[in-house]
Every structure is written in structure tokens, then in C-alpha cells.
Amino acid sequence: REFSDLATICSFAPFNQYWILQALGNAGKMDHALASIRWCWGSMTKVTRGCFVENFDPRWQQQGLMLDGSKAPGPPSYCHPWSSGVVSWLTSNHVGIRPLRPGYDEALIAPFVSELNPAVNGSVSTPHGTIGIEARLDSAMSDTLWIQMS
């Protein structure tokens, strides 16, 4: 119930968001997970000019807080590595590039696209070179998936 409201999802610390995203993805709610990323991290990167902070509330952007470079209404770390779990989650679950063996000797390519999220592209550097994909639904929005790997 708490995860059906995007504002409630974002009220948890960004570190915890990784686990919430994982739960939503495992529950088949990928579109909801991606919407929460746009709301939580999209607002955060606008307010903080690209940094992932330790604590964040998307309403800060609506309230005009921090937009002028002022301090956050609390004592967060302004560039917090634990808040970057969303990057790993997006790579594995939305872009869909996952190692099956150490060093990417084998990899699974399974991008997520839908009517709400019809395209994705991304890449991962590996010891064997870069794995890059671009996936999108065709223009008729059918079940056809087009993938290009580089």
C-alpha cells in the first residue's frame, strides 16, 4: 500500500530506494519503478545540480528549496555514494545488461520496454569491450522489440 504513492516511495532515504525498486521490479511493476525514479532522482538531480544526496524529498523542488544553491533543510551529505544504487538498478533492470559469469564472460541482455517506457539505451564496459544496446518498441507499439548491440 505504501508503494502505490510516488511521494511515499520517495520519503525513504535514497539508499533504501534501491531495495524498493528491486521489490517493484520483482513484483512486475517496472513502469511504477521507473516513474518513481523520474520523480525521486529526477527532482533530486535538478535541485542538487547532478549530485545524489543522502536524504531527499521531491517536494523540496516544488517548494523552491536548494534551487538557488542554498543548503538543504537538514544535515545530508551532498554527494552520497550510497544514494547512487539507482544507476546499478537501471543498468541491470531497465537497460537489461547483467553478467552471468564473472568479468562478463557471459551476459544476459533483457531490456525492459513498455508502452509507458517504449525505448531504452545504455552500455556497460567489460574486460571484453563495451556491451551497448538500444531497444525500442516498433512504431506500431506492437510486441515487436528491436535491439541493436554494439
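Me: In which sense does α2 pass α5, in a left-handed or a right-handed crossing?

Reply: A crossing is called left-handed if the near helix is turned anticlockwise from the far one by less than a right angle, and right-handed if clockwise. Here α2 passes α5 in a right-handed crossing. The model is predicted: local features need pLDDT of at least 70 and side-chain atom pairs pLDDT 80 or more, while totals for chains, interfaces and linings use all residues. Residues are numbered from 1 along each chain as its sequence is written, and side-chain values use heavy atoms, with hydrogens and water left out.

Me: At what angle do α2 and helix α5 cross, and within what distance do their axes come?

Reply: Two packed helices are described by the angle between their axes and the distance between the axes. The axes of α2 and α5 (residues 85–95) cross at roughly 20° and come within 9 Å. Axes are lines fitted to C-alpha atoms, for helices over the stretch in contact, and angles run from 0 to 180 degrees between N-to-C directions. Therefore α2 is roughly parallel to α5; under 35 degrees counts as roughly parallel, over 145 as roughly antiparallel, 65 to 115 as roughly perpendicular and the rest as oblique.

Me: Which residues in α2 meet α5?

Reply: Contact means heavy atoms within 4.5 Å. Tyr-18, Leu-21, Gln-22 and Gly-25 in α2 meet Gly-85, Val-86, Ser-88, Trp-89 and Asn-93 in α5. By class, this contact has four nonpolar, five polar and no charged residues. Ala, Val, Leu, Ile, Met, Phe, Trp, Tyr, Cys and Pro count as nonpolar, Asp, Glu, Lys and Arg as charged, and the others, Gly among them, as polar.

Me: At what angle do helix α2 and helix α3 pack?

Reply: Helix α2 (residues 14–26) packs on helix α3 (residues 30–47) at an angle of about 160°, and their axes are 8 Å apart. Therefore α2 is roughly antiparallel to α3. The crossing of α2 and α3 is left-handed. From α2, Pro-14, Gln-17, Leu-21, Leu-24 and Gly-25 take part, and their partners in α3 include Ala-33, Ile-37 and Trp-41. The contact of α2 with α3 divides into nine nonpolar, four polar and no charged residues.

Me: How many helices and strands has the protein chain?

Reply: Helices (H or I, at least four residues) and strands (E, at least two) are DSSP runs, numbered from the N terminus. The protein chain has five helices and five strands, in the order α-α-α-α-α-β-β-β-β-β from the N terminus on.

Me: Does Asn-117 count as buried or exposed?

Reply: Buried means under 20% relative accessible area, exposed over 50%, and partly exposed in between (1.4 Å probe, protein chains only). Asn-117 has 6% relative accessibility and so counts as buried. Its place is the loop between β2 and β3 (119–126). In the protein chain, 33% of the 150 residues count as buried.

Me: With which side chain does Asn-117 make a polar contact of 2.5 Å?

Reply: A polar contact is a pair of N or O atoms within 3.5 Å; within protein, one must be able to donate a hydrogen and the other to accept it, and residues adjacent in sequence count only if both atoms are side-chain atoms. The partner at 2.5 Å is the side chain of Asp-31, and a polar contact of 3.1 Å joins the side chains of Asn-117 and Arg-38.

Me: Is Asn-121 buried or exposed?

Reply: Asn-121, in strand β3, is exposed, with a relative accessible area of 55%. The C-alpha atoms of Asn-121 and Val-95 are separated by 6.1 Å, although the two residues are 26 residues apart along the chain.
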